[in-house]
Amino acid sequence: MATSELTRELYDQVMVPNYNPPGVIPVRGEGSRVWDQQGREYIDLAGGIAVTCLGHAHPRLVNALTEQANKIWHVANVLATEPALKLARRLTELTFAERVFFANSGAEANEAALKLVRRHAFNRGETERTEIIAFEQAFHGRTLFTVTAGGQAKYREGFGPVPGDVRHLPFNDIEALEAAVSERTCAVVLEPIQGEGGIVPADPEFVAAARRLCDERGALLVFDEVQTGVGRTGDLYAYMGLGVAPDVLTTAKALGGGIPVSAMLTRASIAETFQPGTHGSTYGGNPLACAVAAEVLDIVSDPAVLAGVRQRSERLQAALAELGERYGCFEMVRGRGLLLGGVLAESWRGKARDILRAGLDEGLLSLVAGPDVVRLAPSLIIPEADLEEGITRLDRAIARLAAA
Ligand SMILES: *Cc1c(COP(=O)(O)O)cnc(C)c1O
């Protein structure tokens, strides 16, 4: 079939309609620029939803992938592989964790974490300790267990019966947490910054309280760093900036820089919960994915790269604040590092998607986080000129809407 026939119209004829993409079909990317079928160029401030942390076609990632592609692709977890060992060693060197379980997506890493915390209590004979405490507006993925842990009821609607004993509390409410965590709680699960929920950072005091309450009452603390991990916040993992280590951490999105790979990290004593046969994944730890992820981690863990994230963040925050003032569109800029949200002011409420679409017309890829937040999650190493050009295009998009 000719490329010219692979159009947006075909999409509706062959795809399940659970997404509704616009007409733009990208065919090539380099750094923070992307080109579509017509050769139109876009500045990428979306990063494939906080995934392409080193932009498109980074030479070192292309090299890691092709080198591994010429060696061995897959053997499944009946055998250990060098790329998985290398990546696991790197993850344990760089974080609180001592053990790693690999999967392929954020939801699967979270599914593993949710099963782990239940089984951990069970193995200790605490059969009553089954309650999972999660938060309103949280997002943990789309499997049945992870939509149940997620805090948006609409993602669960019509899929019941859903797994039981999952409770949702208001986010950043220390009193509610204090009242809820009990000897029946096996885990508290939270995102250091709620991503899909609107770029809402956890208060450091809230996270500290969660740590203390889990310790006092025998529950495990799980951080879903699927979106915040791998340099996104300017720390390698967001927990490092909060000064509170979890018991279990999940990482995905940016980990592969665009290759599907995820991991659940934990300490050795908790990892013991999973014995041969308890849990698994055919593709988890796939050599191609792990070879790329190991290279991503090597690059992103460089202090100069992380400093670059914080510096770009300042520029982007200032630009969003300035646009907010000029057009009255944003009442607040939230987030950390290069995970930023422009919160729409009263008169712009509900228009995040309009800004995204106007951005496309101006040659800009951006994101939303719900109807009222414009979300930006560009490459961590986006060149200054591309960042400036992206800001200019966002300005033009907003100006056009403001004039309409
Ligand atoms: C994206 C995301 C997920 C789900 O990841 P998938 O790879 O889509 O399964 C889970 N948790 C958080 C915080 C996310 O941002």
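Ala-57 lies in the loop between α2 (47–50) and α3. The model is a predicted one. In the domain assignment, the chain has domain 1 (3–57 + 303–403) and domain 2 (71–300).

**Backbone features**

- Although Ala-57 is not a glycine, its phi is positive, at about 55°.
- A cis peptide bond runs from Gly-160 to Pro-161, with omega near 0°.
- Pro-161 belongs to the loop between α6 (144–149) and β6 (166–169).

**The two domains**

- Taken over C-alpha atoms, the centres of domain 1 and domain 2 are 27 Å apart.
- In the contact between them, 25 residues of domain 1 meet 25 residues of domain 2.
- About 2,100 Å² is buried between domain 1 and domain 2, and carbon and sulfur atoms give 62% of this area.
- Leu-306, Arg-336 and Leu-339 supply 28% of the area that domain 1 buries against domain 2, which is more than any other three residues supply.

**Helices α3 and α11**

- Helix α3 covers residues 59–69 and helix α11 covers residues 287–300; their axes are 9 Å apart, and the two pack at an angle of about 150°.
- Angles over 145 degrees count as roughly antiparallel, and α3 and α11 are therefore roughly antiparallel to each other.
- The crossing of α3 and α11 is right-handed.
- On the α3 side the contact involves Arg-60, Leu-61, Ala-64, Leu-65, Gln-68 and Ala-69. On the α11 side it involves Pro-287, Leu-288, Ala-291, Val-292, Glu-295, Val-296, Asp-298 and Ile-299.
- Sorted by class, the residues of the contact of α3 with α11 are ten nonpolar, one polar and three charged.

**Helices α4 and α11**

- Helix α4 (residues 82–94) also packs with α11: their axes come within 8 Å and cross at roughly 35°.
- The crossing of α4 and α11 is left-handed.
- From α4, the contact takes in Pro-83, Ala-84, Lys-86, Leu-87, Arg-90, Leu-91 and Leu-94. From α11, the residues are Pro-287, Cys-290, Ala-291, Ala-293, Ala-294, Leu-297 and Asp-298.
- The contact of α4 with α11 has eleven nonpolar and three charged residues, and no polar ones.
- Pro-287, Ala-291 and Asp-298 of α11 take part in the contact with α3 and in the contact with α4.

**Helices α12 and α14**

- Helix α12 (residues 303–327) and helix α14 (residues 384–403) have axes that come within 11 Å and cross at roughly 15°.
- Angles under 35 degrees count as roughly parallel, and α12 and α14 are therefore roughly parallel to each other.
- The crossing of α12 and α14 is right-handed.
- The α12 residues in this contact are Arg-312, Arg-315, Leu-316, Ala-319, Leu-320, Leu-323, Arg-326 and Tyr-327. Those of α14 are Leu-387, Glu-388, Ile-391, Leu-394, Asp-395, Ile-398, Ala-399 and Ala-402.
- Between α12 and α14, the contact counts eleven nonpolar, no polar and five charged residues.

Technical notes:
Residues are numbered from 1 along each chain as its sequence is written. This is a predicted model: local features need pLDDT of at least 70, side-chain atom pairs count only at pLDDT 80 or more; totals for chains, interfaces and linings use all residues. Side-chain values use heavy atoms; hydrogens and water are left out. Axes are lines fitted to C-alpha atoms, for helices over the stretch in contact, and angles run from 0 to 180 degrees between N-to-C directions. Helices (H or I, at least four residues) and strands (E, at least two) are DSSP runs, numbered from the N terminus. Angles under 35 degrees count as roughly parallel, over 145 as roughly antiparallel, 65 to 115 as roughly perpendicular and the rest as oblique. A crossing is left-handed if the near helix is turned anticlockwise from the far one by less than a right angle, and right-handed if clockwise. Contact means heavy atoms within 4.5 Å. Ala, Val, Leu, Ile, Met, Phe, Trp, Tyr, Cys and Pro count as nonpolar, Asp, Glu, Lys and Arg as charged, and the others, Gly among them, as polar. Domain bounds come from an automatic or database domain assignment. Buried area is the accessible area (1.4 Å probe) that two parts lose on being put together, summed over both.
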